[in-house]
Amino acid sequence: MSIDRLARREIQALKPYQAAIQVSDTIRMNANEAPWTSSGNEFRRPLNRYPEIRPQRLRKALAGFYKCSPDRLLVTRGTSEAIDLLVRIFCRAGVDNIVTTAPTFSMYRHYADVQGAATREIETSGHNGFAVDVDALLDACDSETRLIFICSPNNPTGNLIPRDALVTLLERRGDNSAIVVDEAYIEFAAQSSAVELLEKHDNLIVLRTLSKALAYAGARCGSVMAPPAVIDMLDAVQAPYALATPVVECVEDALQADSLREAEQWVAKIVVERERLIAALKRFPSVRRVWPSAANFFLVEVDEAEALLRQCKANKILLRHFGGALPDCVRISVGTPSQNDLLLKSFAALHGDRDGR
Ligand SMILES: Cc1ncc(COP(=O)(O)O)c(C=O)c1O
């Protein structure tokens, strides 16, 4: 059985929305569009026309960038939309569940809640670097577990799932669930993407985004990569014309060689800064622990999280505090070298050293 058979029956039977056809060099009187273009229009494609139902050139460009075949990729409005679509196509309200780790990115649970699916979380611990226990994940699954979400590098802890653990999970769970690996931050890691496992493991789904390493969060562009039959179902559910013309054009630009080179240089700089910050913070007496990270952020445990947040806010720096299972922990996104220096000054000020030495 392939995992598309795990999807809701009505979705398996769903036909894609039939939008007005688009043929170049024709007079379009079939889509109730305006026949004129506003003079303020600065885009390569006219904004009076609907965009392509699915941006095929962009799909091919992203597939080339991520090294998968285009029929295995759907372009989405950020990874967030991909998570929503996956939960909607696979989970029956009040019946099915998703399994994930904790702490992790809260959107998996959020969209499961929206869909009326249950969320089962396997706790991980800072004592062993938040390592994912594959046996515990498998034990949490039952016949109604449609999706297993693995965030790697994990937000907010920064750790990766080792490749052999992922392969074990894929092999042992087989076609009973889809394993979704969210790689929003993989460009900052030394490990390669799980995309290279797609051909071999047809229960694998990989999420990537342009929001982090490419610095295009404002464009809202992500990719879901999965077996072609799953992509077809996602395609049938996603809103027609989901990607707006300005977004398509700016993402085409983001994928040009010079923009990619610039992004690569920034990623390398952020990784250097991440390690500099981690090393510097470990020297402050109020810093109890800093976990290693494979992302553009890291998690730090301090004596008084509230005091730190107040001090940083006074210096116009915002950090993320989660509370709950991470009461004294703060997640810090790596900034530019000068922003990071200001952060270090804020830590130093907490210790009465106003010069940040
Ligand atoms: C792990 C993870 N996945 C996905 C997302 C959402 O990314 P996008 O901007 O592509 O929707 C985030 C955003 O912070 C994230 O941390």
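The model is predicted, so local features need pLDDT of at least 70 and side-chain atom pairs count only at pLDDT 80 or more, while totals for chains, interfaces and linings use all residues. Numbering starts from 1 along each chain as its sequence is written, and side-chain values use heavy atoms, without hydrogens and water.

**First stop.** Select Lys212, Ile270, Asn296, Val334 and Gly335: of the 29 residues lining the largest pocket, these lie nearest its centre. A pocket here is an open set of points on a 1 Å grid over the protein atoms alone, where a 1.4 Å probe fits, with protein on both sides within 12 Å along at least five of seven lines; lining residues have an atom within 4 Å of a point. The space inside is about 650 Å³, counted as that filled by probe spheres set on the points, which are joined across faces, edges and corners.

Next, colour helix H9 (257-281), which gives the largest share of this lining, six residues. Now show domain 1 (3-255) and domain 2 (259-350): both contribute lining residues, so the largest pocket lies between them. The domain bounds come from an automatic or database domain assignment.

**Second stop.** Move to the second largest pocket, with a volume of about 550 Å³. Select Thr104, Phe105, Ser106, Met107 and Asn155, the closest to its centre among 32 lining residues. Then pick out helix H3 (78-90), one of the elements giving two or more residues; H3 provides the largest share, four residues. Domain 1 and domain 2 each supply at least three residues to this lining.
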